[in-house]
Amino acid sequence: MSQETKVSTKKVIDQYDKYVIGNYGRLPILLVRGEGSYVWDADGKRYLDMFPGWAVSGLGHCPAPVVQAICRQASELIHMDNTFYTVPQGQLAQMISERSFGGKCFFCNSGAEAVEAALKLARLATPQEKYRYITTLDSFHGRTFGAVTATAQSKYHQGFSPLVPGFSYIPFNDPEALEEAFDDEVAGVLIEPIQGEGGINIASDEFLSKASELCRQHNAILILDEVQSGMGRTGKWFAYQHTPVEPDIITMAKALGGGVAIGGICARSQIAQAMKPGTHASTFGGNPLATAAAIATIEMIDQEGLLAKADELGKYTMTRLGELKAKHDFISQVRGRGLMIGVELDIPGADLVSACLEKGLRINCTHETVLRFMPAMTVTKEQIDEAIDIVAVVLAEHVPAVYSSPDPPNSSGADQ
Ligand SMILES: *Cc1c(COP(=O)(O)O)cnc(C)c1O
């Protein structure tokens with residue numbers, strides 16, 4: 001069997017080489033099946049997935065209620081354009097509104113599109129002369145032109161200038177810099193309540209409160225990008241709910257559809273009314289299939305008490321990672337909220353990620369030195385133990401070799 005499947009891995013890779021644009025650095029592994037926190041490759045090797053679907057598969061792979069909802073909805077109505085009303089779109093909007101701040105929703109198909117919708121709504125909801133946006137260094141907001149311009153990291157801008165005009169970048173968690181950058185031409189401030197790609201950096205209450213205050217003072221819109229931090233992973237539906245701040249708009253995507261592509265925004269009603277027919281649209285946005293999957297996702301989080309579980313297991317994971325930090329000088333910080341966890345190293349993390357993968361564990365490394373753990377909210381304590389045990393072995397095996405010239409510990413980012 002493995003003889004045959006090995007051939008098929010090679011065949012698929014050859015096919016990609018010939019027909020798929022090479023914009024991703026892929027591992028030479030062909031995944032064929034997933035269930036919960038495990039995935040299997042074509043050779044039958046099992047991986048424990050502590051980063052399922054890049055935070056999309058928040059309920060793990062193929063969660064049964066979502067699978068059932070997709071099948072049921074697919075046999076009734078897969079797609080209907082927004083010329084008409086359909087049942088799941090309204091229902092999903094109500095569910096999100098009731099779990100956030102009582103606003104109104106617009107649906108699209110990805111995180112970047114959600115960010116675009118929020119940026120455009122901020123313009124529509126403020127006077128014409130307001131065109132500026134303020135975003136934070138090390139942010140990540142997606143790859144479309146507006147979203148990538150909002151993403152304040154030069155590596156994502158390479159080759160694309162001139163970018164969208166009007167964006168200013170300030171250091172994350174720097175209220176003074178934010179105040180300095182502000183003026184009456186600012187339409188919106190866009191912040192991740194927890195920077196994900198930027199290395200699991202938690203926005204301070206002080207920073208978010210300042211942003212909220214300045215937005216009110218200057219009639220600007222506070223947009224919190226919850227594409228990665230939203231949908232329960234942090235132990236609350238949205239990460240802003242851990243803070244004293246209520247945003248004007250939140251963006252969401254990734255885990256919203258339990259694995260199905262869907263994005264959206266929720267905006268305070270007063271702001272939402274600026275988006276009138278003709279001002280913005282998405283052909284696929286809010287389609288019955290994706291919204292039915294999202295409804296099933298939210299119901300499953302409620303029914304299985306997964307918010308409390310994310311909180312509890314997140315604390316447990318951080319404690320266990322803290323034990324590793326006590327053992328290894330090159331771990332400078334463990335930080336996170338719920339099941340959104342980063343381990344900051346003084347050394348590059350890529351080799352450690354590869355070594356974990358060889359031992360059947362998938363984790364992620366972002367910003368070169370931050371190991372990122374974002375397991376499914378359905379993960380078990382035993383699976384977390386299994387993962388940490390592998391990481392412990394990998395750290396013990398690898399580090400003497402790489403740990404030759406330590407940099408001073410990096411203490412940026414908030415603690416928890
Ligand atoms: C992933 C991500 C995006 C972009 O989402 P896509 O679906 O890839 O377009 C935007 N914002 C944040 C915070 C993200 O983590």
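Which strands does helix α10 (residues 306–327) lie across? Helix α10 lies across β13, β14 and β17 (370–373), running at about 180 degrees to β13. This is a predicted model in which local features need pLDDT of at least 70 and side-chain atom pairs count only at pLDDT 80 or more, while totals for chains, interfaces and linings use all residues. Residues are numbered from 1 along each chain as its sequence is written, and side-chain values use heavy atoms, with hydrogens and water left out.

**The sheet and its helices**

- β13-β14-β17-β16 is the strand order of an open, antiparallel sheet of four strands (strands are DSSP runs of E, at least two residues, and helices are runs of H or I, at least four, numbered from the N terminus; pairing takes at least two DSSP bridges).
- β13 (331–337) and β16 (364–366) each have a single partner strand, so one side of each lacks a neighbour in the sheet.
- Six bridges join β13 to the antiparallel β14 (residues 340–345), and Gln333 has Glu344 in β14 as its bridge partner.
- Helix α11 (residues 350–358) lies across β14, β16 and β17, at about 170 degrees to β16 (axes are lines fitted to C-alpha atoms, for helices over the stretch in contact, with angles from 0 to 180 degrees between N-to-C directions; contact means heavy atoms within 4.5 Å).

**The ligand site**

- Residues surrounding the ligand include Ser110, Phe140, His141, Glu192 and Val227 (a heavy atom within 4 Å).
- A ligand nitrogen is 2.7 Å from a side-chain N or O atom of Asp225 (polar contacts are N or O pairs within 3.5 Å).
- A ligand oxygen is 2.6 Å from a side-chain N or O atom of Lys254.

Terms used:
Polar contact = N/O pair within 3.5 Å; in protein donor to acceptor, adjacent residues only side chain to side chain.
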